[in-house]
Amino acid sequence: MGLLKQGQWFDEWYDTESNDGEFIRTDAQFRHWITTDGAAGPSGDSGFNAESGRYHLYVSLACPWAHRTLIFRQLKQLQPHITLSIVNPYMAEHGWTFKPSAGSTHDHLFGYDFLHQLYTHAQPDYSGRVTVPVLYDKQRDTIVSNESAEIIRMLNSAFNDITGNQENYLPPNHLKEIDSINARILKYINNGVYRAGFATRQDAYEAAVIPLFELLESLEEHLATQRYLLGAQVTEADWRLFTTLIRFDSVYHGHFKCNLKRIADLPALHAYMRELYQWPGIAETVDFAQIKTHYYASHQMINPTRIVPVGPEQHLWLPHGREQLQG
Ligand SMILES: N[C@@H](CCC(=O)N[C@@H](CS)C(=O)NCC(=O)O)C(=O)O
């Protein structure tokens, strides 16, 4: 684990000491947008037109943020149009690396060994963390975006004319609600598990775990009568929640000490998660071997023996029974 400073790689763990033991996530720095006609998006430069074969996605199968982008590539049938490289799940002194193993690939664009080389290729004096996902433009030879929340919004609509897939996970009449529920889920769940797991003081850990379970319990209640977060239609908010839920029982419960309950103990949430897992094309984006190897083997300060637990047994193909909920 490390970061770049003025284009130089340093092997350093997250600094929590200057923040009272709390893990604070930094903002992604590449914020351009692919649009249908190349017009500038909400941030960044213009000129990133949606085109088949022009863009390349770098992901880790372990990473919940990168997983969002893989899911949207799948849902929006973008596999033939956006090529893919998958980093090795083990992340140590060099950060993310390219070392083909079960499920991981070479860097198909440059043949680099390390993901940080891609960052300095795009910006030689880059300073900051080297994260996945990365959406790369082969034509302009630069990074379009390394912010998953924005990449999935591009994938949701920019390529519609190319794929003919018009499914919209951001229905305009629900946009405000989606943004508002996303913000709570990001703070207390998606990032909450990391704030619990990376905390280096008891109070910082508890300050993350308690509200995490409060929100999970309230979603359990909500999803007992609502099929999806916003009612009858699956939206972006559901997919953003899903990538944390699906990792919960195998890594966040044990490794990150989020252990008041398992998702398997919350019947509505578990059935909801199973429905999303069983959605066409989604189970193939979930790789538990990579997920467990990444977290348990890479975070040596949390798990010094690097032993990867064998369990838990999961029953993700049990019927979800949620068809009867009307929304
Ligand atoms: N804001 C980013 C966060 C991505 C992120 O934190 N990815 C993690 C993997 S799960 C990463 O690459 N971490 C490497 C590091 O922080 O050094 C996004 O959502 O795209």
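**A walk through one predicted chain**

Start with Asp141, in the loop between β6 and β7 (142-145). Keep in mind that this is a predicted model. Asp141 is not a glycine, yet its phi is positive, about 55°. Is Asp141 buried or exposed? Count its C-beta neighbours inside 10 Å: there are 10, so Asp141 counts as exposed.

Now a second residue with a positive phi. Lys257 has a phi of about 60°, and it is not a glycine either. Look for Lys257 in the loop between α8 (236-252) and α9 (267-278). Lys257 has 16 C-beta neighbours inside 10 Å, so it counts as partly exposed.

Next, cis peptide bonds. One joins Val132 and Pro133, with omega about 0°. Pro133 sits in the loop between β5 (128-129) and β6 (134-137). Another cis bond runs from Gly311 to Pro312, and omega there is near 0°. Pro312 belongs to the segment after α10 (288-298).

On to the strands. How do β3 and β4 pair? Strand β3, residues 55-59, and strand β4, residues 82-86, pair in the parallel sense, over 5 bridges. Within that pairing, Val59 stands opposite Ile86 in β4. To get from β3 to β4, the chain passes through helix α1, residues 64-75. This β-α-β crossover is right-handed.

How values were computed: Residues numbered from 1 in each chain as written. Predicted model: local features only at pLDDT ≥ 70, side-chain atom pairs only at ≥ 80, totals over all residues. Pairing = 2+ DSSP bridges. Helix = DSSP H or I, 4+ residues; strand = E, 2+ residues; numbered from the N terminus. Right-handed = clockwise from strand over helix to strand, strands pointing away. Buried ≥ 20, exposed ≤ 12 C-beta atoms within 10 Å, placed from the backbone.
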